[in-house]
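Visitor: I would like to learn how to read domains, interfaces and cores in a model of this kind. Could we take them in turn?

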Amino acid sequence: MKIVEANAGALTNFEVLDLLRSRGAGKDPTRVIASVSPSEFKVFDYLEQTPACNQTGEIVHKFVDECKKYDLAKAEILNVLNMRPSSAVEVYTIIEECDSRMDEKIDEYVETIVRSLPPHPSHM
Amino acid sequence: MFFLSELEQTLRLPPYLLNQPLNEAIKGELDSLFLDKVIEKLGLCISVYDIRSIDGGLIFPGDGASTYTVRFRLVMFRPFVGEVISARLKESTKDGLRLSLGFFDDIYVPVPLLASPNHSEPDPGHKDGVRWVWEYEGENYPIDGTDEIRFRVHNVDYPPIPLEHGKDSDQKDSEQKDLKPFAPMVVTGSIDADGLGPISWWV
């Protein structure tokens with residue numbers, strides 16, 4: 001086995017969920033017919049519990065565009081997409097040195113998140 | 001949390017798979033080889049993303065199977081340091097917490113990385129179990145298994161595979177039964193910051 005490229009790109013939770021859904025993970029109640037293995041089903045079950053279950057490709061693209069004006073690192077945008085923080089406290093943990101980089105804009109950012117990304121159905 | 005990694009593997013395709021279309025047969029072999037296994041420094045393999053190229057198809061002398069050199073991409077679970085992840089409590093002991101993601105169970109939050117100040121009380125429900133309680137502004141906030149716990153990744157470790165315990169197994173049989181199964185990938189997390197810990201503390 002040879003590693004050609006250890007890091008060929010990061011994936012958001014939504015993209016992995018989409019990949020599993022395209023193989024038929026969500027549609028098969030018996031979990032035997034789809035070409036998805038039991039370990040992949042465990043990942044599918046976990047991802048359905050996260051905010052990624054409601055996202056679509058357009059929502060994600062639009063949100064990444066809106067994040068550009070806040071000058072965030074890719075890892076931070078990834079974290080926000082996966083976690084969908086709905087308050088300033090939650091954003092503090094994700095973004096490093098939040099006070100110095102965002103100061104006043106933090107409330108505006110939280111509002112952008114709450115507006116663009118749908119919440120998880122059980123949290124509504 | 002998830003990354004793509006590109007790998008190349010020399011794959012021997014057993015003859016009983018000759019009636020299947022090549023792509024499916026190779027994907028099946030790759031699945032059985034990599035799925036749910038940990039590759040050092042790359043993480044836990046979740047799924048085969050796609051197959052980039054298949055070369056070869058040579059048959060070595062004396063062998064009935066053909067050998068292919070396949071290039072493919074795998075979806076790997078590899079949390080990066082500083083990432084915030086939501087998990088469920090699996091067990092709580094005097095050494096700290098153990099969290100689980102369903103597909104991955106070896107996430108430990110040792111005592112120094114718990115929310116401080118805190119104290120522990122013995123848990124009546126489980127033998128050897130300990131319940132951790134965070135003290136903040138006079139209020140006591142317990143960590144119980146009811147809701148999801150957010151933690152920040154502190155470190156990801158790939159301990160080397162241990163050598164055989166086989167030699168001393170006669171004498172140490174009783175100790176062996178208590179040994180935890182070997183964990184090839186261990187994630188250490190921290191909940192010592194604002195916004196981390198059970199979601200019910202912050203909402």
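Visitor: Into which domains is chain B divided?

Guide: Bear in mind throughout that this is a predicted model. Chain B is divided into domain 1, which covers 2-77, and domain 2, which covers 84-201.

Visitor: How many residues of domain 1 of chain B are in contact with domain 2 of chain B, and what is the area buried between them?

Guide: The size of an interface is often given as the accessible area lost when the parts come together. Here 10 residues of domain 1 of chain B are in contact with six residues of domain 2 of chain B, and the area buried between the two domains is about 650 Å², of which carbon and sulfur atoms give 85%. On the domain 1 side, B:V38, B:L44 and B:F77 lose the most area to domain 2, together 63% of what that side buries.

Visitor: Which polar features does the count find between domain 1 and domain 2 of chain B, and which elements give two or more residues to the domain 1 side?

Guide: Between these domains of chain B the rule finds zero salt bridges, while one residue pair is in polar contact, with both residues at pLDDT 80 or more. The elements giving two or more residues to the domain 1 side are β2 (38-39) and β3 (43-59) of chain B, and β3(B) provides the largest share of that side, three residues.

Visitor: How many residues of chain B are in contact with chain A, and how is the buried area made up?

Guide: For this pair, 38 residues of chain B are in contact with 32 residues of chain A, and the chains bury about 3200 Å² between them, with 61% of it on carbon and sulfur atoms. The count between the two chains is two salt bridges, one of which joins the side chains of B:E8 and A:K2 at 3.9 Å, N to O. There are also 15 residue pairs in polar contact between chain B and chain A, both residues of each being at pLDDT 80 or more. Several elements of chain B give two or more residues to the side that touches chain A, including α1 (22-34), β4 (66-77) and β11 (149-157), but β1(B) gives the most, with eight residues.

Visitor: Which residues have the most contacts inside the largest nonpolar core?

Guide: They are A:Y109, B:F2, B:F77 and B:F103, in a core of 69 residues. Leaving aside neighbours within four places in sequence, A:Y109 is in contact with residues among them A:F63, A:Y70, A:L72, A:I95 and A:M102. A second, separate core of 18 residues includes B:L13, B:L35, B:I39 and B:Y68.

Conventions
Residues numbered from 1 in each chain as written. Chains lettered and ligands numbered in written order. Predicted model: local features only at pLDDT ≥ 70, side-chain atom pairs only at ≥ 80, totals over all residues. Heavy atoms only, no water. Core = buried A, V, L, I, M, F, W, Y, C linked by side-chain atoms within 4.5 Å. Buried < 20%, exposed > 50% of the residue type's maximum accessible area, 1.4 Å probe, protein only. Contact = heavy atoms within 4.5 Å. Domains from an automatic or database assignment. Buried area = accessible area lost by both parts, 1.4 Å probe. Salt bridge = Lys/Arg side-chain N within 4 Å of Asp/Glu carboxyl O. Polar contact = N/O pair within 3.5 Å; in protein donor to acceptor, adjacent residues only side chain to side chain. Helix = DSSP H or I, 4+ residues; strand = E, 2+ residues; numbered from the N terminus.
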